[in-house]
Amino acid sequence: MDAPGQRPDDRDESPVPYVFPAWVNQIPRILPVATALVGAGVIFSFWFWASPKNTEVGYAPVQPVPYSHKLHAGDYGIDCRYCHTAVEKGPKAAVPSADICMNCHSVVKYDSPLLQPVRDAFNKGTPIEWVKVHKIADFAYFTHAQHVAKGVGCVECHGRVDQMETVRVEQPLSMSWCLDCHRNPGPRLRPKDQVTNMNWQPEGDREQLGAELVEKYHVNAPQDCSGCHR
Amino acid sequence: MAKHKLIVAEFDTPAEIVAAAGKLQGAGYRDYDAHTPFPIHGLDKAMKIKDSRLGWIVLAHGLVGGLGGLTMQWWMNGVDYQMLIGGKPYFAFQAFVPITFALTILLSAFGTVFGMLFLNGLPRWSHPLLAHPGFRRHSDDKFYLSVESDDPKFDATKTRALLEEIGGKRVALLEAP
Amino acid sequence: MSHHHDENQRDPMHHDDNHDHGHDHGHDHDHDHDAGPLTPIQENGKTYWRSLDHVSQTPEMQSFITREFPEGASEFLDPISRRSFVSLMGASVALAGLGTGCVRRPVEKIVPHAKRPEDLLPGLPQYYATTFQLSGRVTGLVVESNDGRPTKIEGNKLHPASMGAAGSLEQGAILSLYDPDRTVRVTHGGAESTWGAYDTAWNETFGALRAKGGKGLLVIHEATRSPAFAATVAKVREALPQAEIVEWDPVSGDETIAATKLAYGKALEPVLSLEKADTIVAVDADILGSSPFHLRHGRDWAARRAPDAPGGMNRLWAVEANFTVTGGTADHRLRIRSGDAGAFLRALAAELQQNGVEIPAGIAAPSTAFAPKFVQTLAKELAGKKGRSVVAVGRHQPAAVQAIGFAINDALGNVGETVRFAPAHADVASPVDGIKAAAKALASGSVDTLVILGGNPAFDAPADLSFADAMAKAKTKIHLTTAPNETSRLADWVLPETHFLEEWSDAVAADGTYSVVQPLVQPIWDGRSKIELLTQVAGAPKKGYDVVYAHFLAAEAGRTELDWRKALHDGVHGGATFAEATLDAGAVGNAAGQVKKLADASASALDLVFLVDNKVFDGRFSNNGWLQELPDSMTKLTWTNAALVSPATAKELGVDTNQMIRIEQGGRTLDAGVWVQPGLADHTIAIALGYGRKAAGRVGENRGFDAYALRTSDALWTATGAKASKIAGTAMLPTTQNHQSMEGRPLVREQTQAEYAANPTYAKELVKSPPLLALWKDHEYTGQQWGMSIDLNACVGCNGCMIACQAENNIPVVGPEQVRMGRQMHWIRIDRYFASTSSDAADLSEPEVVHQPVSCVQCENAPCENVCPVAATVHSKDGGLNDMIYNRCIGTRYCSNNCPYKVRRFNFFDWHNKGEGTLTDVQKLAFNPDVTVRTRGVMEKCTYCVQRINAAKRDAKVRGSDVVADGAITPACAQACPTEAIVFGDIKDPNSRVSKIKAQPRNYEMLGELNTKPRTSYLARIRNPNPEMVS
Amino acid sequence: MSQINVMPEAAVAVPPEAPHEKLVHGEHSFHDVTELVSEVTERKPELAWKICLAMAVSILGAFGAAVLYLVWSGIGIWGLQQPVGWAWDITNFVFWVGIGHAGTLISAILFLFRQKWRTSINRFAEAMTLFAVACALLFPGIHVGRIWMTYFLAPLPNQMGMWPNFRSPLLWDVFAVGTYGTVSLLFWYVGLIPDIATLRDRAKTRLRSMAYGILSLGWRGSMRHWMNYERAYLILAGISTPLVLSVHTIVSFDFATSVIPGWHTTIFPPYFVAGAIFSGFAMVVTLMVLARQLFGLKDLVTLDHLEKMNKIILLTGTLVGYAYAMEFFIAWYSGNEYERFAFINRAFGPYKWAYWTMITCNVVSPQFFWFKRFRRSIPVMFALSIVVNIGMWFERFVIIVTSLHRDFLPSSWGYFMPSIWDIAMFVGSFGLFFTLFLLFIRFLPMIAISEVKGVMPQASPHHGHGAGHGEDAYVATAEAR
């Protein structure tokens, strides 16, 4: 550095001029607004696009056999449990085995080309590969029997299957969605004999009916972690 | 509108600038300013600058931080998902003190810094003084007075004369680009 | 076979009836049972499916799939979707956090049965009864099967040797079913071959053999108690009279039958009824640890162990060289040399005479060499317990010594009371004669065809027979084995043998109870059972099922298909049968005359004692990760054996733990790592057999030291005059417990029965602490609340609970290196502490030992919960469990640090893909689908088997009730416990079993003074010393 | 600066006849101060600096590699085990947080106590604080291995309906240290604005002109701005003071609120804070001594400054020593056998080597500072300051590991041994620290120019014609002109 006190003469004239155009003074005004907008945008996109309400709901894959729930469950009014035999006993509702289909289709439409995979399964034992529609994470343990036993209608989670040509996911099946009901089960309950009835409508106040059913069926929907995770 | 102008004058010592500023204030000027490498005691009195209002801004922020923090914890752990943890109550306020405190400080700090910038109208990158080579030493060892053309008493010639009279050196008239 | 197999397996009776047996843990079960086999999945588990396809392309696997699951391989593949979760859990959780992924989830397939058997519900387990045989040890089992995969082995309540309990070996055996190193195909001269090729080859050989009446054929088979097998052997002798058929088993072979023949003139099997005995004397006999009936013994012994047990508390005297679990639980223990058991018994007999007990002539031989006070007091006590005492002598002791034991029992009037005799299954001469003859024949080159049914003689035959060399002389060597081993290496034909869960057979328990061995799954690798191969040797190949079924009907007149059905589903048929036995006093007297006290051993002439290991057994479980990693009951060593020496002897030899010594015995030497074992007899080196395998598979090889190298046919169990010298090098022996002393802390609380009578609440009040107050109001628990009680008085430290837990909860194996670092994963561990009995606290030559099972105690004020930043461990309101949510855990390990009981276990790595823990796809079939498989970076711990709790709740709810009946839930550990030391239930219900136990005065909470409010409490240990010994 | 309006006598409170009391030595004008400090950032980087930076960056690189490997394979690569679930990871965290205390403390507390001597060192210390906190924050982040899971810590709405557990001291840490880092950054930056303006106005290249131009936010030394600026600085100092004390208090809660003997101790908060100041000041001395030699700032950072630092080191060191003693007394006095054992085990158990290293470094070594000779000896203070930080690292190691490795159940006792990865991560964090530091002293004024000018004699309008050195210097320069 220079000796103390000494000073070059040209210190006013810096080699580089200080140049900032006038408009940069606007930046401080715009910046906060911009940040706010972007932030909101990000939050919204997660809240909307990344939520199961968007990722899960509406999933309706094409199946190897164009089975129509509308036809069977809706028009013919076949009870869910005729095919989903395990729903009252075990964790799984169970996709029907081919022999169940053949109970009828050995007589009805026994030669329909659409049913070829079913006949193969029955005769040759080559399984039908249905595409899984409703899925929850591996580490969440769900049991159909329990819910059916407490009077939770199929329709609550699966929607109006009886009106679907191809089954589609109606509910997000997310943890918070489960919790919504587990925190307030009443309004989702119905008399046990109406569980598989897609058309059932409560006469009178559902809240009140719910309260009664909670009482009657000893409904105690766990909100504990170990209720579903282990 | 007329182009924004200002006149700037240079002084050599803290004593000079304090005296000069006093005279300018006495001459009835209001829309003027002093520029110094460090804050100079007494100059604020000479210029009759009011006390800063920053404290109120900070207080507001602090309250938001503290109450907001506590409310957040109360709602998340105490209301929305009540979990039984270590046998403690759902709203175990003893355990919520540290985070409430931290958030109070955090928001106060934001309030302080951004409040200060707001009150000073900073950032302001483009300013005629900054572009004026003769002004460079304001951050080194010189002291300046600048009078804005917005000042009702502003008059290119009279003001210049006054500044020179009260000891201003290298007086210059600047125009906003 | 498959016809019968299916028919029987699908029989609805099994399922229902097992309910009646209380084996009803129908598990809640949601994992993707239906995930398709042949459908490569886009994202999740992609790599998995590749490797699976790889496996399933091998012809063996293909055939297995089609054979086992003609309906379509769905069940076979389903565990995979669960397990793909192992490596992907992290990712899937991350996605779950954001909402099951921002991306559309991958396509998955559901492959239902084409025709579902009516009793098979997807996601619900089934239970079948079968029988486990191990070197003549017979245990009835009930096996849980998930979607056609056996996943869990438990004891059969109806079987006398089990009473519902199962030991570590029984339960660990299930992992061997899925052993990736099993014999997967027929090989000939090391080259791949087929059963077809073998059959043709055999038919030629057989022709030649038949011509010579079987001359030149040598068959060596493992010890077995299967009537059907015996009948088949008889058929072979018929067809080929000249053939030589010998039995060799390195550990089952014992002198008991010889002893009964000596004492009673016929081959008998002694059966103890400990529940009737006030005084039990175990002379070099590990009746609670490793004897064939040890599970039953434990149950009976425990029935009389409680201080307030009906009929009074029993007293156990142990006299032994090694420190066994029996010695550990004994009220009085005397260290003697294994070879002096006979002399001790004679001295005892002499004292008994003094006390007016009539001892047959020639037996009594007074001696002051064995702690006179001990002998005198014992004799006095026995004399007063006529008909209510037992003197049990080790089965490995010479016939004469055991005979003396019988004589003493006879003299005490115990025979017919506490000691009964069942007809022996077979009249086998001395265990080594067979293998000696075989070796001789082989050496002489007179053997054309050698057929070895199971076993591993080349590794475990007595060293002096140099069997391997002799074996080489045989022209054709055929080895039927579940896994290739040292013997297979020398064989021409190596044939895949079925695992016992894949085969049909039967067995007779020591007390004569008949039980069936039925398969739970078709042979995974297309193996054949011993019986099936033997029928072929007899010239008439049959299916195992046909042989067993036919023999069942033939065995007894009037048996019908229905009896068979019932036998299949109960697992047992008929009950115990006992024989009359009258002592030949003269014979015993004469024999006893030969039993003399040995000249004293010294540091230069040591005793060498060979131990049967309770983990790898004779070496056959070397490749079984669960058992390898299981800590030994007394040493707490894993993955290795060691040369055990007493502290005093260690000083004399100038060695210390983890140093190496060279043991020299009869010109043979072995270098082994030293483990200083308190309570061991001085001048004795005890070393477990079965380690140091050279051909055992990926995790089994070169673990520990091969003690067979020192074992000769004339000294199978005890050798004298061995030398040992320190050599260079160290053996860092992996142990799960580094500190052996309780440091005087009130963890395990003990009293003598007298003290207990005087001050029953001593244990509860031992710790004085200020009143325990929380800052806030405690939570009000409603509904059923789960709790557990562990009776330290009943726990013998057998490790049964540890393997039960490992199997039930998919607990990974970490390997010796990681164990050494202290990273073992067992959710329940058994803490073992030594306490000195002498004035010098450092003197551990005569220690007392205590065992304390510790798993998560489910604190109500859990320190772990407070500190978890993400609420991954919280308390459940119904049940009051300390939940651990694996998919929420981020792995700060703070909870483990803050756990006073240190029962939390952390996945430092992805153990299932690391080192010894690495699992192949086949091994993953053993996973319990009801329990999440944890990935790395996740904390885990005991949850009281919450999956079983939830299953019971589900069943209750489906039945329309909201209360689970007491006893409907049994955690795996409690289920396996032979002494019923662990009891679980609803602590809110004052009438539940657990509540009643917790109400006992000796109930206490470990570290309860921390106000953690543990749900698991302990019952103090009560010792029952003879007052005269105390004073 | 602020002394001037909050304390009128500030400038004149420097009698010329007491030279060693002067805050700035030598004959210096305002411009010389500007020159002294700014010039460091303008001259060509000297070789020594380049070499240091190269080394620091390569160590930083190694650190990055180690972290990647950790994330890839899991924290099993460390020596951790049951029962020792935390060891070097959290030790390093607490170590760095501790060091991070000096800066804000000097800036805030000394400011409120009107300790004018702070002006020469506060900038420096604040920078050190920031970089130390940056290092500290790394460890809680990576010590879980699966770092992509750490977002569970944030109270974000999600489809699980789950929230973090605000009862957990670990979450308190996240908020406390996060706040501390942010506030320190703001404090530091606010202080920098006028000085960056100085650099801007001296800029000799377009790049510097632009860069410093943007960073200085268009500062033009307006007296009206100074008013708000000083108020802001005062308030920041005010809120930082409780913050600085709270941070290590909350860090100590990680241990104090647990049940583990040796952790469960009410003395921890003050004890940790004292320790933090202790180590922080030591680190400042270490770096200060180096910098003033290297960049010829002896006149601005005087021996008086350093001696004052050393006095504080002596004080806090003795406080820490007192805490060690009290721990033992309470353990004995409590009558709790687990507590007693924990401390006996600390001093005489398997980790006694660590314990006695700690005592020697933290309690014995500072005692040298009772002697003025040592307090004012550059080599002695340099050596001791390093020894102190070694000791403070060991203190955290001792507290964390010796308490964990033998707690309640002897069956679960273990012995922790570090793996090479533990060591790599610790050393690596220094790479980050020094990289940031070297960049700082090269590109930003390491001494608060405007503050120093504020405390110079000629800064007072009353200084006028009394012949102070500064005045002479000024006249001299005026003539030269």
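Select C:Asp300 and C:Arg296 to begin: their side chains form a salt bridge, with N and O 3.0 Å apart (a side-chain nitrogen of Lys or Arg within 4 Å of a carboxyl oxygen of Asp or Glu). Both residues sit in helix 10 (residues 294-303) of chain C, 4 residues apart, which is about one helical turn. Helices (H or I, at least four residues) and strands (E, at least two) are DSSP runs, numbered from the N terminus. C:Asp300 is buried at 8% relative accessibility; buried means under 20% relative accessible area, exposed over 50%, and partly exposed in between (1.4 Å probe, protein chains only).

This is a predicted model, in which local features need pLDDT of at least 70 and side-chain atom pairs count only at pLDDT 80 or more, while totals for chains, interfaces and linings use all residues. Residues are numbered from 1 along each chain as its sequence is written, chains are lettered from A in the order in which they are written, and side-chain values use heavy atoms, without hydrogens and water.

Next, stay in chain C and select C:Arg395 and C:Asp254, a salt bridge whose closest N and O atoms are 2.9 Å apart. C:Arg395 is in the loop between strand 13 (389-393) and helix 14 (399-411), and C:Asp254 in the loop between strand 8 (244-247) and helix 9 (256-264), so the pair ties together parts 141 residues apart in sequence. C:Asp254 is buried, at 18% relative accessibility.

Move to chain D and select D:Arg376 and D:Glu307, which meet in a salt bridge at 2.5 Å, N to O. D:Arg376 lies in the loop between helix 14 (372-375) and helix 15 (378-405), and D:Glu307 in helix 11 (residues 303-334), 69 residues apart. D:Arg376 is partly exposed at 24%, whereas D:Glu307 is buried at 5%.

Finally, select B:Glu10, B:Asp12, B:Glu16, B:Lys142, B:Lys169 and B:Arg170, which salt bridges with shared partners join into one network.
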